[in-house]
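Here is a short report on salt bridges and on one helix that takes part in them. Have the sequence and the structure open as you read.

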Amino acid sequence: MQITEHIASLSEEGRLLAAAAEQAGPGASVPTCPGWQIRHLLRHTGMVHRWAAAFVTEGHTAYHPDGGEPDLDGAELLAWFREGHGHLVRSLEEAPADLECWTFLPAPSPLAFWSRRQLNETTVHRVDAESALGGPLTPVSADRAVDGIDELLTGFHARPKSRVRSDKPRTLRVRAVDTAATWTVRISEDPPQTVRTAGDDRTEDVDCELSGTAEGLCLTLWNRLPLTAVTLRGDRAVARLWTDNSAVTW
């Protein structure tokens with residue numbers, strides 16, 4: 001996906017998140033984030049939006065702490081969220097292509113990084129907001145879902161802080177049936193190593209395979225849908241190793 005597409009999708013995802021949050025109400029429980037209510041979701045996501053925008057607009061070249069979550073609720077909180085989301089979108093739209101600032105995952109450029117990261121962040125939390133309503137989720141296109149899987153497997157969980165580890169080496173294959181994308185994840189005592197290939201290459205024996213639509217796989221791997229949302233073949237314990245230990249932390 002191009003940067004402009006990421007930013008346009010980010011704009012829409014934030015709008016959908018706010019609309020679902022407004023409909024659910026600040027006290028509604030968020031099933032995908034146990035212990036959270038909509039107010040917690042808005043405070044967290046709004047804080048992240050402002051934190052990210054500061055790197056883009058202020059050009060911090062090293063880690064810069066966030067400004068914390070506000071003591072707001074109800075209509076004031078929703079307005080604060082919308083204001084921060086709009087500021088983030090505008091900041092990315094107006095940023096120069098040669099933007100220089102801090103990032104924390106490999107990317108073609110800082111602008112590409114923050115556009116992609118905030119789109120995926122906001123999409124996952126939009127799903128959280130919609131889950132509070134108990135109805136159908138707004139679909140995620142296959143190309144965006146593949147991008148979300150890529151970022152999670154080859155970005156976040158390639159870092160030393162990944163907790164997806166195993167004393168006994170295990171191999172997990174993730175296969176998106178509606179695209180040409182397949183990921184092979186090698187789990188060991190070290191951070192997982194992931195290789196993405198094109199096509200339905202199942203010549204290598206693996207311990208477990210998760211297959212399904214790119215959207216279903218993306219939301220399952222980000223722990224927003226249960227394992228039952230995809231097809232599991234092989235050792236279920238390998239899939240549980242992922243779901244029990246893959247929550248992303250800074």
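H1 has 22 residues and spans 31 Å from its first C-alpha to its last, close to the 32 Å expected at 1.5 Å a residue. The model is predicted.

**The buried side of H1.** Several residues of H1 are buried, including His6, Ile7, Leu10, Glu13, Leu16 and Leu17. What do the buried residues of H1 pack against? They pack against H2, H3, helix H4 (110–131) and helix H5 (142–155).

**Salt bridges.** The count comes to 19 salt bridges.

| Pair | N to O distance |
|---|---|
| Glu12 and Arg15 | 2.7 Å |
| Asp73 and Arg39 | 2.8 Å |
| Arg233 and Glu209 | 3.3 Å |

Glu12 and Arg15 both lie in helix H1 (residues 3–24). They are three residues apart, about one turn of the helix. Glu12 is partly exposed, with a relative accessible area of 35%. Arg15 is also partly exposed, at 46%.

**Loop to helix.** Asp73 forms a salt bridge with Arg39. This pair links distant parts of the chain, 34 residues apart. Asp73 sits in the loop between helix H2 (38–58) and helix H3 (74–94), while Arg39 is in helix H2. Arg39 has a relative accessible area of 18%, so it counts as buried under the 20% cut-off.

**Strand to strand.** The side chains of Arg233 and Glu209 meet in a salt bridge. Arg233 lies in strand E5 (residues 231–234) and Glu209 in strand E4 (residues 208–212), so the pair ties together parts that are 24 residues apart in sequence. Arg233 is partly exposed, with a relative accessible area of 44%. Glu209 is buried, at 3%.

**A network.** Which residues are linked in a network of salt bridges? They are Glu13, Arg126, Glu130 and Arg144.

How values were computed
Residues are numbered from 1 along each chain as its sequence is written. This is a predicted model: local features need pLDDT of at least 70, side-chain atom pairs count only at pLDDT 80 or more; totals for chains, interfaces and linings use all residues. Side-chain values use heavy atoms; hydrogens and water are left out. A salt bridge is a side-chain nitrogen of Lys or Arg within 4 Å of a carboxyl oxygen of Asp or Glu. Helices (H or I, at least four residues) and strands (E, at least two) are DSSP runs, numbered from the N terminus. Buried means under 20% relative accessible area, exposed over 50%, partly exposed in between (1.4 Å probe, protein chains only). The expected span of a helix is 1.5 Å times one less than its number of residues. Contact means heavy atoms within 4.5 Å.
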